[in-house]
Amino acid sequence: MYIKKLKEFRENNNLTQKDVAEELKITQQQYCLYEIGKRDLPINHLITLAEFYKTTTDNILGIK
């Protein structure tokens, strides 16, 4: 499930929610909603995060 992966990637890179939110050009509060599953992650943010973390969208989504 990508919700768990979002937090894993962020923590493994020693980033705060605010750091990731700034990369996505959104507020920390909005990013928090993605990370706790209260709001779906838009595809454009998924792509940005994959590029930011230098991984694939499949990896963020937990697809093997």
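Student: At what angle do the axes of α1 and α3 cross?

Tutor: First the general idea: helices here are DSSP runs of H or I with at least four residues, strands are runs of E with at least two, and both are numbered from the N terminus. Axes are lines fitted to C-alpha atoms, for helices over the stretch in contact, and the angles run from 0 to 180 degrees between N-to-C directions. In this structure, the axes of α1 and α3 come within 8 Å and cross at roughly 125 degrees. Angles under 35 degrees count as roughly parallel, over 145 as roughly antiparallel, 65 to 115 as roughly perpendicular and the rest as oblique, and α1 and α3 are therefore oblique to each other.

Student: How should I regard these values, and how are the residues numbered?

Tutor: This is a predicted model, in which local features need pLDDT of at least 70 and side-chain atom pairs count only at pLDDT 80 or more, while totals for chains, interfaces and linings use all residues. Residues are numbered from 1 along each chain as its sequence is written, and side-chain values use heavy atoms, with hydrogens and water left out.

Student: Which residues of α1 and α3 meet?

Tutor: Contact means heavy atoms within 4.5 Å. On the α1 side there are Ile-3, Leu-6, Lys-7 and Arg-10, and they meet Tyr-31, Tyr-34 and Glu-35 of α3.

Student: Is Arg-10 buried or exposed?

Tutor: Buried means under 20% relative accessible area, exposed means over 50%, and partly exposed lies in between, with a 1.4 Å probe and protein chains only. Arg-10, found in helix α1, counts as buried at 10% relative accessibility. If residues up to four places away in sequence are not counted, Arg-10 touches Leu-15, Thr-16, Gln-17, Val-20, Tyr-31, Glu-35 and Tyr-53.

Student: Which residues of α3 are buried, and where do they lie around the axis?

Tutor: For such a question one uses an arc, which is that of the directions from the helix axis to the C-beta atoms. The buried residues of α3 are Tyr-31, Tyr-34 and Glu-35. They cover an arc of only 95 degrees around the axis, which puts them on the same side of α3. What covers these buried residues includes α1, α2 and α4.

Student: Which residues of α4 are buried?

Tutor: Helix α4 spans residues 43-53, and its buried residues are His-45, Leu-46, Leu-49, Ala-50 and Tyr-53. Seen down the axis of α4, they fall within an arc of 140 degrees, so they line one face of the helix. Their cover includes α1 (2-12), α2 (17-24), α3 (28-35) and α5 (57-61).

Student: How many aromatic pairs are there?

Tutor: A pair of aromatic rings is described by the distance of the centres and the angle of the planes. Rings of Phe, Tyr and Trp (its six-membered ring) pair if their centres lie within 6.5 Å, and planes under 30 degrees apart count as stacked, over 60 as edge-to-face and the rest as tilted. By this rule the count comes to three aromatic pairs. One of them is the stacked pair of Phe-9 and Tyr-53, with 5.1 Å centre to centre and 25 degrees between the planes. Phe-9 lies in helix α1 and Tyr-53 in helix α4, so the pair ties together parts that are 44 residues apart in sequence. Another is the edge-to-face pair of Tyr-31 and Tyr-34, with 6.5 Å centre to centre and 90 degrees between the planes. Being three residues apart in helix α3, Tyr-31 and Tyr-34 are separated by about one helical turn. Phe-9, Phe-52 and Tyr-53 form one aromatic cluster.

Student: What joins the side chains of Gln-17 and Gln-28?

Tutor: A polar contact is a pair of N or O atoms within 3.5 Å; within protein, one must be able to donate a hydrogen and the other to accept it, and residues adjacent in sequence count only if both atoms are side-chain atoms. Here a polar contact of 2.5 Å joins the two side chains. Gln-17 has its place in helix α2 and is buried, with a relative accessible area of 16%.
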